[in-house]
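The sequence and the structure are shown first.

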Amino acid sequence: MVDHVTTIYQCTLPFHEYKINSRGHLPFSTSKLSHPNSKQNQKPLPSPHPANAEAPITMVTVSVKWQKEVYPAVEIDISQPPYVFKCQLYDLTGVPPERQKIMVKGGLLKDDADWSKVGVKEGQRLMMMGTADEIVKAPEKGPIFVEDMPEEEQVVNVVLRKKYPQFGQQSNGAFMQQDAEECWTQLLYTLSQSLKLPSSSEGLDVVKALFGIEFDNRIHCAESGEESTETETVYSLKCHISQEVNHLHEGLKRGLKSELEKASPSLGRSAVYVKDSRINGLPRYLTIQFVRFFWKRESNQKAKILRKVDYPLSLDVYDLCSDNLRKKLEGPRQVLRDAEGKKAGLKTSVKTSVSTAGDSKMTEAEESSSGSGEASKSTAQEGLLPEEEHQLTGIYDLVAVLTHKGRSADSGHYVAWVKQENGKWVQFDDDNPILQREEDITKLSGGGDWHMAYICMYKARVVPM
Amino acid sequence: MSKTPDPKSTGTGAGKPAGEESTVKVPSKDPKKKDDKKDEDLSEEDLALKQQLELYVERVQDADPGLQKVALESMRQEIRTATSSMTSVPKPLKFLRPHYGTLKGFYEKMPDSDLKTLLADILSVLALTMSAEGERESLKYRLLGSQGDIGSWGHEYVRNLAGEIGQEYAKRQSEEAPIDDLMELVQQIVSFNMKHNAEPDAVDLLIEVEDLDLLVEHVDSSNCKRTCSYLTSFAKYLPGPDDMLVLDIAYTIYMKFEEYPLALVTALALDNMQSIKQVFTSCDDNLMKRQFCYILARHGQTFDIDEELCASDEEREVLQEIVNNVKLSEGYLALARDIEVMEAKTPDDIYKPHLLDGRASAGASVDSARQNLAATFVNAFVNAGFGQDKLMTVPSEATSGGSSASWLFKNKEHGKASAAASLGMILLWDVDSGLAQLDKYFHSTDTHVIAGALLGVGIVNCGIKNDCDPALALLAEYVDKDDPSIRIGAIMGLGLAYAGAQNEQIRSILTPILGDNKASLDVIAFAAISLGLVYVGSCNEEIAQAIIFSLMERIESELGDPLSRLLPLGLGLLYLGKQESVEATAEVSKTFHEKIRKHCDMTLLSCAYAGTGNVLKVQHFLGECAQHLEKGESYQGAAVLGIAMVAMSEELGLEMTIRSLEHLLQYGDQNIRRAVPLALGLLCISNPKVNVMDTLSRLSHDSDTEVAMAAIISLGLIGAGTNNARIAGILRNLSSYHYKEANLLFCLRIAQGLVHLGKGLMTLSPYHSERFLLSPTALAGLITVLHICLDMKAIILGKYHYVLYFLTLAMQPRMLMTVDENLKPLSVPVRVGQAVDVTGQAGRPKTITGFQTHSTPVLLAAGDRAELATEKYIPLSPILEGFVILKENPECRDDN
């Protein structure tokens with residue numbers, strides 16, 4: 001806008017100068033039609049003085065057509081260069097002279113042309129083209145076209161497909177529908193391989209700190225009485241769905257007990273072992289997968305379980321934890337209970353939190369139990385917070401749901417529902433974000449044709465200690 | 001025949017074959033006995049007549065002239081009073097048949113006298129049924145006879161005579177014998193025919209004796225329209241230059257009876273400026289002159305109204321404005337508002353992806369330049385002329401140019417040129433707003449955007465003339481810029497804006513480019529096309545020379561480039577429809593490099609005979625297509641297009657050609673098969689015939705991609721501006737079938753855009769005024785695009801996709817807009833229905849069938865005709881198409 005204003009003044013300047021220099025009268029008069037945009041205060045122009053007759057008065061009256069308007073009776077002083085005429089038109093139309101194109105019988109009027117050569121006639125109609133519109137500029141960053149990309153990058157997921165050829169499977173010439181959980185696992189795995197904390201030399205795994213769930217597995221063989229324990233890190237909890245499972249918690253519990261067959265060294269044959277798992281380490285972000293897709297052996301095809309499985313907005317995993325971990329959690333849980341009991345909370349906790357502005361903001365968000373966005377940047381930063389200051393409580397808040405819509409495993413539509421920093425939920429349907437209410441989020445539990453939760457992401461509720 | 005049993009012939013020989021009597025030519029020696037036999041199945045009345053006639057025959061041979069005279073006159077009386085149906089021979093003639101020989105013999109012996117001529121008259125009539133084939137005795141005796149009133153012997157006699165005159169004339173022409181006596185007779189016959197509703201017969205006779213001029217004096221105001229309608233419709237079947245001759249006669253007749261609008265239309269068909277002016281000078285009704293101007297404007301004729309044509313300054317300005325088509329945009333928008341289609345449409349509204357199953361629409365998360373370009377074209381075609389859309393124009397001030405710029409830059413490189421130019425298409429015909437909106441692009445730093453803006457200026461001005469010549473003023477200085485894309489934009493813009501204008505200034509600007517050694521081939525090619533468009537059908541020698549020299553200078557490698565084929569096309573356009581005038585140039589073209597020689601030959605010939613319906617040329621092209629070529633030659637494509645160009649003129653030839661093309665499809669080589677869909681597209685342009693639609697739909701799945709692409713584009717062409725649901729469905733399904741092949745998909749999108757051209761308010765057909773007139777500029781635009789489509793990959797799918805804008809030349813609203821005497825829209829009820837060909841039909845047959853009554857403005861589909869459904873107004877032009885001025889009918893009383 002500033003530019004625009006200056007150009008106006010630049011071009012009006014000669015016009016005014018000319019007014020002053022003229023010998024007591026204006027060599028031309030503009031018609032009374034004044035453009036509303038014109039910023040000049042147009043005074044009524046004095047009529048040409050009759051006494052000044054020694055100079056041949058060379059006035060030609062023409063009409064000027066500009067867009068849909070016709071300005072009749074515009075007078076041209078043909079002893080003056082056309083630029084003056086253009087300034088006149090500027091007054092009428094608001095188009096800067098340098099942007100005016102005036103068409104005179106198949107030619108453009110040049111600023112320094114000679115009127116006598118142009119051969120303008122009384123009553124002639126001139127046509128002016130030009131606008132004061134903004135000139136089109138190319139956007140800083142042009143769009144990237146499919147055609148510009150190297151052949152193999154022509155689809156968004158190309159990198160992914162290159163890295164994991166299994167996602168590049170095609171059928172009927174189109175890429176097949178892939179499993180979101182599989183993709184998530186692969187992504188996490190890759191990230192864990194490449195993302196290392198630069199500060200910690202011992203190679204503390206960021207991804208593990210954020211998403212890893214430590215299990216204590218007790219493998220017990222009823223036949224031989226053999227028993228062994230091992231630890232294991234997984235990145236998601238599985239919620240197995242069977243007839244009895246109506247709620248997430250039940251599914252998770254079932255997931256902790258599994259039977260497996262393996263060679264028993266004492267029996268010298270394979271025997272059935274029971275694997276009993278307990279969580280021994282909790283992550284900042286808890287990923288829960290509803291095992292909705294399975295291989296139907298009878299029909300040799302992938303199938304989807306449509307059963308409704310409820311999940312809570314906040315999840316307590318305390319009873320899935322090992323005794324060890326429970327002990328650790330006692331303290332923080334007490335604090336949380338107290339805090340909630342008092343309902344005092346916020347301000348005191350802020351005081352005790354870290355000093356940097358960014359972090360305190362984060363905490364504030366967390367404390368208000370709204371949960372922050374799960375953008376990887378901020379979470380990574382958060383993951384760095386020393387454990388002494390924030391303790392896990394075993395209570396988690398739902399921050400994101402990935403749903404699958406459709407009846408089969410090979411087709412359908414994945415949609416993400418993510419809680420924003422401001423506590424609002426947004427449904428990301430491809431490139432189309434839609435605001436959603438929190439109470440609708442729990443309705444994604446399945447049992448119909450509507451979107452149903454496939455992966456849930458919970459964020460740990462922490463207390464400062 | 002009476003069924004009452006004859007008392008004299010009870011029972012005997014009732015079943016006598018009737019043939020026996022007719023075999024007898026000479027009366028037998030015993031007439032009495034013969035008579036007995038004959039009388040058997042005759043009624044009493046007939047018998048009396050027969051005996052009476054026999055008596056006359058005998059008396060004629062009597063020595064007494066008095067008796068002879070009485071006998072002859074009685075005989076004549078009998079013949080003349082005999083009434084009979086057309087299917088059987090009148091009785092007196094029948095009964096006289098046996099005596100024909102006798103009378104003939106007697107005639108020879110008679111001395112010259114009045115009686116002899118009287119007998120000759122009778123013999124002439126008798127010869128009608130008796131004369132042996134090819135003897136032409138009827139004519140012979142007629143000439144020897146009294147030359148009396150020809151009509152007194154009835155129609156059949158006259159018809160027979162006319163036939164014999166035709167034969168005799170041909171014979172005498174070959175012998176170079178005098179024909180004066182024949183012409184005398186012709187005069188009589190024509191005069192008789194014209195008076196008795198047999199105009200076609202009169203015209204046919206005059207054509208046979210090659211003296212059509214005679215017609216003029218025999219026409220009167222009651223039969224002038226019927227005569228001329230016969231003349232103009234059969235002119236299409238005549239080879240040049242006879243067709244022009246016939247039209248000229250029609251023109252003269254129209255002028256004579258002051259049927260000025262029709263005279264003007266005929267003058268336009270003749271392409272005779274002198275005649276057009278004459279219509280203006282002959283008519284002194286100002287309102288009528290306005291109507292003339294509308295007709296001229298529809299034809300795309302550049303025409304200056306000077307003082308000679310209209311004395312009043314004020315009126316002249318009004319007339320010039322109409323000829324300049326200034327109000328076309330207004331009328332078109334009025335139509336759009338009336339039909340309620342102003343709402344802008346997006347490409348997705350056309351693609352209708354929701355009607356397809358998932359896959360076609362899925363996964364477009366990254367912009368595809370090709371698809372965006374297609375969307376640009378679709379958007380331009382669909383919203384053409386509406387002045388608003390959802391991509392290029394800004395809906396309100398609020399977005400401050402943002403959206404326009406953003407779509408523009410969603411196109412890649414040369415795509416931006418097409419995108420910028422599409423703004424011109426959206427604002428088609430609306431020069432004032434068009435130039436204002438394009439202005440912003442002129443200041444862009446992107447050469448492609450500037451090129452597009454230049455082209456856009458040309459498109460906006462297409463078919464519209466303006467005193468200030470804004471297109472020339474704006475474009476001229478860019479023609480000689482360095483950047484080839486800017487040059488092409490300016491050159492093509494000039495070609496579009498001044499097509500048919502024959503503007504000297506343009507010639508002086510563009511001709512030097514042809515000889516410019518530094519100019520690249522594409523610039524030269526577009527210059528040739530633009531010159532061809534501006535001077536379409538002018539036979540301009542200088543330009544022809546310039547193009548020929550330019551062609552000769554091309555090095556061999558350049559001649560292989562598909563763009564080089566635009567040069568012969570430019571040359572051909574100069575001779576569009578001018579038939580023999582092309583011959584000298586065609587001769588020169590034989591000296592070209594062999595790579596282009598044949599192609600040039602085909603192109604020139606097809607252009608010169610475009611729209612003439614010349615059967616010989618069609619055969620010539622078919623002959624060319626029958627050759628099997630060695631690899632690499634491709635001139636047959638031009639030949640196939642040539643067939644369509646020549647044959648498109650009239651319905652009958654068109655149908656035959658469609659069938660012939662089917663054969664080419666089956667037996668032709670690949671380069672022929674590729675051109676066949678395009679030829680079909682031209683034949684049925686904006687006229688989706690079901691059989692053609694089926695053929696093209698089948699070809700759109702062809703294994704040869706080029707054939708499929710051509711078929712798809714042609715589906716768009718035949719459905720252009722019709723909103724035809726069936727074609728739209730075919731294309732939609734194809735879009736999911738071909739969704740992976742970017743090239744085919746691009747063609748599909750273009751075709752979809754074309755089908756919804758101007759939201760269904762437009763036509764691409766170069767024919768108008770009841771399919772009588774062929775707009776040369778429209779045809780030129782079409783064939784340019786079709787020729788370019790012969791090599792789709794190199795040009796349209798390459799970086800010259802903006803050639804599609806040549807279609808602008810053929811775009812016209814397919815409307816009937818009635819205006820009052822102040823040229824303001826006036827809504828009246830009209831009946832719109834399928835046109836019926838009433839040429840040569842007797843009486844006042846209905847001109848339309850299956851009609852519906854609407855209020856103007858209305859849309860007219862291909863083959864539709866409208867007629868006023870009210871008596872309150874009189875249209876100033878009998879052809880209810882485009883703008884028609886109505887004036888109030890003074891004789892109409894308001895019943896209410």
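Helices are DSSP runs of H or I with at least four residues, numbered from the N terminus. By this convention, L126(B) is found in helix α7 (residues 114-130) of chain B. The model discussed here is predicted.

**Surroundings of L126(B)**

Residues under 20% relative accessible area count as buried. L126(B) has a relative accessible area of 1% and is therefore buried. Leaving aside residues up to four places away in sequence, L126(B) touches L93(B), L96(B), Y100(B) and L103(B). Between L126(B) and K140(B) there are 12 Å in space, C-alpha to C-alpha, and 14 residues in sequence.

**Aromatic rings**

Over all chains, the structure holds 19 aromatic pairs. One of them is formed by Y107(B) and Y141(B), whose planes stand at 90 degrees with the ring centres 5.4 Å apart, so the pair is edge-to-face. Y107(B) belongs to helix α6 (residues 100-109) of chain B and Y141(B) to helix α8 (residues 137-144) of chain B, so the pair ties together parts that are 34 residues apart in sequence. Y107(B) and Y141(B) are both buried.

Y230(B) and F234(B) also form an aromatic pair, and this one is tilted. Both residues lie in helix α13 (residues 224-235) of chain B, 4 residues apart, which is about one turn of the helix. An α-helix has 3.6 residues a turn, so residues three or four places apart point the same way. Y230(B) counts as buried because its relative accessibility is 17%, and F234(B) counts as buried because its relative accessibility is 14%.

The two pairs are set out below.

| Pair | Centre to centre | Angle between planes | Arrangement |
|---|---|---|---|
| Y107(B) and Y141(B) | 5.4 Å | 90 degrees | edge-to-face |
| Y230(B) and F234(B) | 5.2 Å | 50 degrees | tilted |

One aromatic cluster is formed by F377(B), F381(B), F746(B) and Y805(B). Lysines also lie over ring faces. K101(A) is placed over the face of F442(B), 4.7 Å from the ring centre. K617(B) is placed over the face of Y609(B), likewise at 4.7 Å from the ring centre.

**Packing of α27(B) with α29(B)**

Two packed helices are described by the angle between their axes and the distance between the axes. For helix α27 (residues 484-497) and helix α29 (residues 521-534), both of chain B, the axes come within 8 Å and cross at roughly 10 degrees. Angles under 35 degrees count as roughly parallel, and α27(B) and α29(B) are therefore roughly parallel to each other. On the α27(B) side, the residues in contact include I488(B), I491(B), M492(B) and L494(B); on the α29(B) side, they include V523(B), F526(B), A527(B) and L533(B). The residues of this contact divide into 10 nonpolar, 2 polar and 2 charged.

Why does helix α15 (residues 260-270) of chain B count as largely enclosed by the rest of the structure? The reason is that 10 of its 11 residues are buried. Among them are Y260(B), P261(B), L264(B) and L270(B). The buried residues of α15(B) pack against α13, α14 (242-256), α16 (273-282), α17 (286-299) and β3 (773-774) of chain B. Just after α15(B), D271(B) takes a positive phi of about 55 degrees.

**Chain A overall**

Chain A contains 12 helices and 21 strands. Of its 465 residues, 41% count as buried. Among the contacts in chain A between residues at least 6 apart in sequence, 64% join residues at least 24 apart.

Methods:
Residues numbered from 1 in each chain as written. Chains lettered and ligands numbered in written order. Predicted model: local features only at pLDDT ≥ 70, side-chain atom pairs only at ≥ 80, totals over all residues. Heavy atoms only, no water. Phe/Tyr/Trp six-rings, centres within 6.5 Å; stacked < 30°, edge-to-face > 60°. Helix = DSSP H or I, 4+ residues; strand = E, 2+ residues; numbered from the N terminus. Buried < 20%, exposed > 50% of the residue type's maximum accessible area, 1.4 Å probe, protein only. Lys NZ or Arg CZ within 6 Å of the ring centre and 35° of its normal. Axes fitted to C-alpha atoms, helices over the stretch in contact; angles between N-to-C directions. Parallel < 35°, antiparallel > 145°, perpendicular 65-115°, else oblique. Contact = heavy atoms within 4.5 Å. Nonpolar A, V, L, I, M, F, W, Y, C, P; charged D, E, K, R; others polar.
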